[in-house]
Structures are given as C-alpha cells and as structure tokens.
Amino acid sequence: MKKFFSLLLAGFLFSILPTSAFAYSCPCSIWTNSTLPTNTTSNDTRAVELGVKFRVDTSGKVTGIKFYKGAGNGGTHVGSLWTKTGILLGRVTFTNETASGWQKANFTTPITISANTTYIVSYHAIQGHYPYTFDYFLNQGVDNGPIHALKNGVDGPNGLYVYTGTPKFPVNSYRSANYWVDIIFKDNSPTPTPTKKPTVTPTKTPTPKPPTSTPTRTPTPTRISTPTPTVQMSNKPLLIITSATNRFTNYYEEILRAEGMNIFESRDITTLNSTLLNTYHIAILGEMSLNASQVSLLTTWVQQGGKLIAMKPDGQLSTLLGIVKGPTTVSDGYLLFDTSQKPGIGLVGETIQFHGSSDLYTLNAGTTKFATLYSSDTSALPNPAVTFKTVGTSGGQGVAFSYDLARSVVYTRQGNPSWAGQERDGDSLGIIRSDDLFYGNAVISPSPDWVNLNKVAIPQADEQQRFLVNLIYKMMEDRKPLPKFWYLPFGKKAAVLMTGDDHGRGGTAGRFDYYKSVSPVGCLVDRWECIRSSSYLYPWGTTVMTDSQAASYTNDGFEVGLHVDTNCANWTPAFLDSTFNTQLNQFKSKFPSILLPNSERNHCVTWSDWATQPKTEQKYGIRLDTTYYYWPGSWIANRPGMFTGSGFPQRFADVDGTVIDVYQAVTQMTDESGQTYPYTIDTLLDRALGATGYYGIFTANMHTDKVTSVGSDAIIASAKARGVSVVSARQVLKWLDGRNTSSLTISSWTGNELSFDVVVGDGSTGLMAMVPSTFGGENISSVKKNGIAVNYSIETIKGVSYAMFETSSGNYSVWY
C-alpha cells in the first residue's frame, strides 16, 4: 500500500509539474563526459578556432565551456561564447588541463542567454590536432534536455571553424563536422523538488504559472502594434532557404559573401514557418522540390508582402510567379540581360553563358522579363531567363530564375563535371590537367569549349552574381537601404596575385630581393603597398633557400610555399593524399621556422578528377589553390581573359554542391602559355579599371627558377603605373578570410536614418562599406561612426550608385 501511495503521488506530481523537470537536470551540457569523438585527434597542426551552434529552450546562464582534448592538442586553450552574428559575449582561458579527455573552464561571471536563440560556443586550438567527427550534424542535431546542438541547415551550417593565430569568430564549415566543444548551462527554472513538498508544490506551481502567461502577454502588444517590416524584421534581412537534398542551395551563402552581402541568414526549408518567414524581407529559394504546405507557406508570405527569388522553382509556384512551365528544357545555353532597366543596368550588354539545365517558361500577364534565354550566343529563344512579378497590394514580389544560378556559377568556375578525369587537350604526355575540364575539341568526344573563348574577356559568373545583387537592391527600394562590403582593400578595383614555381633551382631568394628593391620606400605590407609574392618550391632542391632566409622573407610579407609534385603523374585520391603528407613533412623538415604553406600549385597542374584536390588541400591546411591554369597556348591564342568566368577567388564546391573551404585562385597569366606582356596584363587591368568594370585579383605564374623574369617585370611595371597592388597568396587569403568573416547587422531604419553595426574580421585592413547613395528619392547627407562624421565618396558600380567609406568595427548611421 505504501508503494502504491508513492506511485500515486508521483503520478499526481508528474501531472502538475512541468514535464521537463523530470527530463533533465542542470547544470547540463550537450554531451556527457562519457561521450567520445570518433576521431580524437587530427593531423592538422595549424592554429584554428572550432565551434558549435546551439540553442536552449529556456533562458538561463552559461557558466562555463568544455572541449574534448586528444593527443597533440597542446598549448593554451581559450574558450569563447558568441552571438550568431559574431558578437563576443564572454571568454575564458583553460587552466589545469589533463593530458586528454574533456576539459572544463568556468566564467568568472556566468553569461545570460535567451531561449530559442542561436549562439556559438568555440575554443582556440593553438597547436591543431583537434578531435572531429565528419557529417555529425548532417542529418540530425543533439537534444539533451533544454540544450540543442543544431542540425545542419536549421540555422545555417553547424560545425564551424576558422584558421587563425588568435581566438576569432568561426564562420567556415566543412562536412557538417562536430569539433566537440560544449557549454555548461544552468537554466532559470527553479530546481524541482517534488519529493519534499508533494502537497505544496501543486499549489505553488500554478502561482508561477501566470508568469508563463505574463511573458506571453507582455510581448504581444509589441508584436501586434508593430507588424510593419521596419520594426519586426530581422537585422539580417536576407534569407537563404536551403535543402539538405541539394547542397548547391548552400552555395548561395558563398555567392553573397563573395559579393560583400554579409547580411543574410540561412534556414533549411523544413524549419520554416510563417513567424520565421515574416522576420525577413527577401528570401532566396534554392532549387528544390516543395510539398503542398511549403508552397502554401511561401505563397501566403509573398501575398502579404514578402519578396521571393526562386531558382528554377518547383512548378507549384508557377501561378505565384506568373509563369507557365513548358515540358522541355535547354542546357548549357546563353542569356542576355535587359540592360535598359534595373537590375540589368550597368551589366554586360552581350550574351553570356550559363551552365546546367534551364526550364522554358512563357509569361502570364503582369510578369516582366529581366533576361532572355539564348540557345547559342546569337540565337534568341522566346523564353525568359529571369522573370519578375508584383504580387498583392503589400509590396510582395516574385522572381524566377529559369536555371539554378548557384549550380551555373560552380560549373562555370570549375569546368564540366562530365569531363572530370578525361585527358582532352591532346597532351602528348597524357596528363590530365585543370584545363581539360574546359577543353572542348577532344578526340574522345568533340564538343564546344566549356567557355566560349570569344566570351573569355567577360567574367561571366561574376556578372551573374552582380545581377543577383542588383536585383536585391531593386527589390528593397520600398523597404530599406542595405549595406555591403567592397571586393578589395581601400576600394581597389584590381590586384595582381604574383606567384612563381621554383623547381629547386634557387631563383626564389633573388626574385624576392628584387621585389623588395622595387617596392615603394616605407611601404606597408598590410596595406598592400609593397611588391610581394608567393614562390612554390621543391624543398628537396640543392639550391633552395635556408630556413633562416625563409623565416626572414616570410616575416617580410612573402610566402614560401610547396610546389606539390606527383612527378606529373595522374593521381588517385590515395596517391595525392600520400604525396601531400610526404612532401609537407619534407617542407616542415627543411623550413621548421615558418608556418606550413596555406596556398599551392601542383607541378604540371595535374587535376585528375573534380574536387579531390581542394579536399586534400583542406585536410592539410592549404586553403588557396592556383592550379587552375590558362593553358595551352595553342588553345588560348594569346587572348587575355577569365576562362573560369571569374576574376576573384571563391570557394570550391564538391560534385554534390557542398562548399569546400579552399579558394580557387585561377592563374590567368603564365609564362608558358604563349601570352605576351605587357599586352596581357594591360588588357586585364584596363578592363578592371575602365568602364567595363571587370574587376579582379589576377593571378600570375612567373617561374622563380631564375632570379630574373621579363614577364614579371612587365606585370609589375603595368601594375605600378595604374596604382594596382602586387601581393602574395598569403596576403590574399588573409584578406578573403577577414572580409568574409566581417559582419553587417542592421540596428534600425527609422525615418531617413539607417543604423547598422560592423564587426571587422582579422586581416581586413582597408575594408570598405557601401550603401546606396540615394533612397526613397533622397540623396545621402551624412555618414557617422559612433556619432563622428565619416568621409565617403560616391561611386557607380554596375549601374548602382553607392556611397563608399572605409570601415572599422563600430556603429554606423547613414542619413538620407
């Protein structure tokens, strides 16, 4: 009977107490101390910040940080807690660590966090050798009581990192990896004591219940009285809608970052609801299939004022978008922007290529065509490439791309995936090189070149990305002005990335000395004022530089790197991995005083499949690749241009669209492709600086086997005459990481004042912010940082007039 009474009492208490009181006990963490990583240590020795995104169900305090430590993960570790926009909430240094296992450090003052809000916990592994589990967050998160480590796509990717010598906000991700960093959390709920006061607890529980009602009542007036976008909208007004079934949907993050639009958030389609959607102005919907409820959700949102940009949309959205989808498609065709109207004003006025498949639409009444499809560079189709329609009476708009822009950009940049692993250019040695992904007239399957060499002057992928940016600005004309970042430091429109391959013949030191001698007196490396370069060399050569020389040049802004050599042999993934491992160890042995290289070019530019090269580079901490090579001379016929459709480094993607955290820096200028100088460099720079606006970082390979180089001298002379920087790959990578990790957060848009916060990433000296110079018919009147006036200039970029100004971390106010 006594046992029955206890069970009855327990059942009574369970019915009146919150269920969660019995589901967990806090302080708590995502993982218990008995949970172990799949791989307790990596062979990556670079300093890196590693993080995990999480949310909690109830507000509370983070009292400390945990991380799992494996062999080799030495040095001082620093833990950090961040908002999802990169605002540092707290930092703690770990002390009294054990040799391995879970390590814990407590904050001096616990940090309060809010329910249902994304945060990031991270720690800095100064010696690398961190634990990891690939694909951990790919299809599921972790739920432990009130704490939730987010599944990839719930709020962008999970499993974050950034290579950095000091603690820094992590923004990169790879394969949804878990890096095993955790919080110690104490929620604000009173500690349940059901066994002590069985009769009082039910009485007191309803009494605190009104606070559950009160918080519901308190925010309600705010939300009901401010349904307008200016108050209710997210401080990141752009939403990227992704799908785990199509990784190319995530590549829109890379596209927006490359265009400086660091003002977006990402959500998986399965996490969307009306409340969430209503916090954004514009949504970019990647190519995906939708169910009926998702179609209804998006339709209602647009009808109520939302603005949707749909990539090769599901046919169920056709009515909303004002199009009729035909039964056939066209692949790898052309398009032409309407340059007489926004958003095409200022963009290229001739046909350019797209890659992948395009649907064929006809337009309903009231739908506008922004771009037209072409079956060839001269044969127009009656079908649109991009359409626009106004929806409803609340400012709703729907845009349809007939093709998937992300897939097209990736394919344009990386070549034809169907040609991966083929020797196509007739090379007498049978070497499969990066250019084989673009070379059409192969004996095995004659086809048009992947890039039409008559269009090679045009950065075809870049122009399509700029069209997307112009489109966003057009659609926001009735909402608020948006800030963005410029491509290069100090508003530069072009730069030269100088590299050279040294096959152990020892010309590197003399070349570096020459570059120093022709640099401006008193120049500053961080401001890209000095002539600097990277040299990729065989460390086993008999005449290469000494370790002390390498350290001196590295400290002076040069990069001493590895020229990975497969002996010009076509490689398998296993062979390539072994080659990197062996030769990087040789490099480290030869040059123990410098960091391992973070950029490289393969000898003979071997490229035996689609994406193994950048994935292998990423594994070994190399994050900028220059192996895409404008070659052979008989094919390019001395035509200066951008055969990958881009002038800027951008991250690679895997065959399924997964972003690889390695930048593709295409070598547009070589000294072995029959190109003439200064004609080639003059043409590229004049197109970048002139009316065409074909901006870029133009990579050169001027071999460093010898001290002197006629091509290098010509390139430097042309750059100096035009005020163009000549920099190393290490400098470019530092800039790209700094710019891409910098954040923009809109605080408010009230009346004629835009307020936004900037957090500048490490390495982004000279970062320029841009805002439309006119909005709502009013010209910009002032820009202030933290209340102090900031100088700005007016520039028209691709048809849009911007106010541009150098920026640093702080709050900015722009008045119109």
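Predicted model: local features only at pLDDT ≥ 70, side-chain atom pairs only at ≥ 80, totals over all residues.
Local features need pLDDT of at least 70 and side-chain atom pairs count only at pLDDT 80 or more, while totals for chains, interfaces and linings use all residues. Residues are numbered from 1 along each chain as its sequence is written, and side-chain values use heavy atoms, with hydrogens and water left out.

The structure holds 7 cavities of 30 Å³ or more. A cavity is a set of points, on a 1 Å grid over the protein atoms alone, where a 1.4 Å probe fits but cannot get out; its lining residues have an atom within 4 Å of a point. Points are joined across faces, edges and corners, and a volume is the space filled by probe spheres set on them.

The largest cavity has a volume of about 390 Å³. Of its 23 lining residues, Lys84, Phe169, Val171, Arg257 and Phe264 are the closest to the centre. Two or more residues come from each of α7 (251-258), β13 (264-268) and α20 (729-741), where helices (H or I, at least four residues) and strands (E, at least two) are DSSP runs numbered from the N terminus. β13 gives the most, with 3 residues. The lining has 8 nonpolar, 8 polar and 7 charged residues (Ala, Val, Leu, Ile, Met, Phe, Trp, Tyr, Cys and Pro count as nonpolar, Asp, Glu, Lys and Arg as charged, and the others, Gly among them, as polar).

The second largest cavity has a volume of about 280 Å³. Its lining has 19 residues, of which Pro157, Ser173, Asn250, Glu253 and Val659 are the closest to its centre. At least two residues each are supplied by β10 (172-173), α7 and β30 (659-664), and the largest share, 3 residues, comes from α7. By class, this lining has 4 nonpolar, 8 polar and 7 charged residues.

Terms used
1 Å grid on protein atoms, 1.4 Å probe; cavity = no way out; pocket = protein on both sides within 12 Å on 5 of 7 lines; lining within 4 Å.
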